[in-house]
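Please walk through this model from its overall confidence to its sheet, and then to one of its pockets. The paragraphs below follow that order.

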Amino acid sequence: MAVSSPPILSPLLLNTKTNLFSSFPSPPLTFPSTPTNPLLVFSYTKQGNGLASEDKKILLERYGYDIDADEYFSQSSSKSKRRKDSKEPPRTGRGKQVQEPPEEPKPPRTTHKLLQVLGGTARRKKLLSPKGMDVRPMMEVVKGAAFDILQAAGGCPASLRPGRWLDLYSGTGSVGIEALSRGCSQVHFVEMDPWVISDVLRPNLECTGFLDVSVIHTVRVEKFFERAEQFVGNNGPFDYISVTPPYTQVDYGVLMRQISESSLVGEDTFIVVEYPLKTDMLDSCGCLVKLTDRRFGRTLLAIYGPTWAQKKRRSSQTRITQLQ
């Protein structure tokens, strides 16, 4: 009676890293114990170069299985994972890589000399101003009218009363420089743009000779009022304050309330406000009354001051009328 050979367990199902036939069902394998036909078991572990060449040859002859396929599949899997983990830019259609368009460099900011000082010791001196609409200086006709009103209200039509001036949103500094040229003793400039300060405001102060009597604050106006004592000390209120903000970037109601409640405004302070059409300005600012409200095209000018300045301004206007 012939003894049938016992089934041999395939090494594909033992200790291999990649099980290629795990999806195919197979009948249970039996392992009869017989001394005439021992069981051959190969173990594949990833050490050194894998199986010996003789073991590989036996596997290839008996089962047609290439044991090096495990190494290939392992490498392919790790490469795929690395590709997913890497932060590559997205690709669309036919492997084309999507690239965001590079940002165009901004053109350098430049200046020109279109402004000038209208009166006083620095009269007719040219002032720098930025090209474009980054900074919009007060028009000369508006500036001239503002200083004429202030001089008449102060009782001296030829010049300003000596005092300290606070130039908010100063930009080119043309308003504060005009004040220094007409008799002010000191001006504090508040401007937040470092380029405007270094390339426009400071050169204007140097060319007019007013750098030594000027103080520049590189800060937003709101922060300046919040920490006023830190910036200007305990020197009391200013005699003059000019407010020439970028129209679309401020809330005039909030701004004027902040100014009126500040310790920088006193009973004898004059405030010059430039504002656009369709903006409601109050008839008073704290303890100050509105001295005038004039229109220059799309620009309006409001000036607030002490009650005594109303009488002096009226008497000055009456005297000028009589002389004419």
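The mean pLDDT of the protein chain is 79, and 65% of its residues reach 70 or more; pLDDT is the predictor's confidence in each residue, from 0 to 100. This is a predicted model, in which local features need pLDDT of at least 70 and side-chain atom pairs count only at pLDDT 80 or more, while totals for chains, interfaces and linings use all residues. Residues are numbered from 1 along each chain as its sequence is written, and side-chain values use heavy atoms, with hydrogens and water left out.

Where pLDDT is low, the predicted coordinates should not be read in detail.

The protein chain has nine helices and 12 strands. These are DSSP runs numbered from the N terminus, helices being H or I with at least four residues and strands being E with at least two. Of the 324 residues in the chain, 39% are buried, where buried means under 20% relative accessible area, exposed means over 50%, and partly exposed lies in between (1.4 Å probe, protein chains only). Among contacts between residues at least 6 apart in sequence, 60% join residues at least 24 apart.

Eight strands form an open sheet with mixed pairing, in the order 7-6-5-8-9-12-11-10; two strands pair if DSSP finds at least two bridges between them. Strand 7 and strand 10 (284-285) are the edge strands, each pairing on one side only.

Strand 6 (residues 186-190) has four of its five residues buried. Strand 5 (residues 164-168) runs parallel to strand 6 and is joined to it by five bridges, with Asp167 opposite Phe189. Between these two strands the chain passes through helix 4 (residues 174-181), and the β-α-β crossover is right-handed. Right-handed means that, with the strands pointing away from the viewer, the path from the first strand over the helix to the second runs clockwise. Strand 6 also pairs in the parallel sense with strand 7 (residues 214-217), over four bridges, and here Val187 stands opposite Ser214. Helix 5 (residues 194-208) takes part with strand 6 and strand 7 in a right-handed β-α-β unit.

Elsewhere in the sheet, strand 9 (residues 265-276) and strand 12 (residues 299-305) run antiparallel and are joined by six bridges. Glu274 has Leu301 in strand 12 as its bridge partner.

The second largest pocket holds about 160 Å³ of space. A pocket here is an open set of points on a 1 Å grid over the protein atoms alone, where a 1.4 Å probe fits, with protein on both sides within 12 Å along at least five of seven lines; lining residues have an atom within 4 Å of a point. The volume is the space filled by probe spheres set on the points, which are joined across faces, edges and corners. Its lining has 12 residues, and His112, Ser129, Pro130, Val135 and Pro137 lie nearest the centre. Strand 3 (111-116) and strand 4 (126-130) each supply at least two lining residues, and strand 3 gives the most, with three.

Pro137 sits in the loop between strand 4 and helix 3 (140-153). Leaving aside neighbours within four places in sequence, Pro137 contacts Leu115, Ser129 and Thr172. Is Pro137 buried or partly exposed? Pro137 is partly exposed, because its relative accessible area is 23%.

Terms used
Contact means heavy atoms within 4.5 Å.
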